[in-house]
Amino acid sequence: MQLTRLGQKRTLAHIARLDDLRRYTIIIAFLLETASLLIDTAITMHDKMMGKLFRRSENQPNQKF
């Protein structure tokens, strides 16, 4: 988590000046956290869309009567 925060706060120029091992560690930690966040966001969006479609399909028979 601490490495992820470093990746978020530092500029690219600052990260480029770090030694290779430290630079790659920070970049990997940042990318893993970002991937996790994107996956969680996609799952949330999917759940909302499916809920909306399900509610809409439940209401269609009631409207036809």
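Start by selecting helix α1, residues 2–9, where T4, L6 and G7 are buried. Look down the axis of α1: the buried residues fall within an arc of 160 degrees, so they line one face of the helix. Keep in mind as you go that this is a predicted model.

On the face pointing away from the buried side you will find the exposed residues Q2, Q8 and K9.

Next, move along to helix α3, which covers residues 20–64. Select D20 and R23 together: they form a salt bridge, and their closest N and O atoms are 2.9 Å apart. Why can these two meet? Along α3 they are three residues apart, which means about one helical turn separates them. An α-helix has 3.6 residues a turn, so residues three or four places apart point the same way. D20 itself is partly exposed, at a relative accessible area of 44%.

The charged end of R23 sits over the ring of Y24, 5.7 Å from the ring's centre. How many aromatic pairs does the structure hold? The count is zero.

For a last stop, pick out L32, which lies in helix α3. Is L32 buried or exposed? L32 counts as exposed, because its relative accessibility is 59% and exposed means over 50%.

Notes
Residues numbered from 1 in each chain as written. Predicted model: local features only at pLDDT ≥ 70, side-chain atom pairs only at ≥ 80, totals over all residues. Heavy atoms only, no water. Salt bridge = Lys/Arg side-chain N within 4 Å of Asp/Glu carboxyl O. Helix = DSSP H or I, 4+ residues; strand = E, 2+ residues; numbered from the N terminus. Buried < 20%, exposed > 50% of the residue type's maximum accessible area, 1.4 Å probe, protein only. Phe/Tyr/Trp six-rings, centres within 6.5 Å; stacked < 30°, edge-to-face > 60°. Lys NZ or Arg CZ within 6 Å of the ring centre and 35° of its normal. Arc of directions from axis to C-beta.
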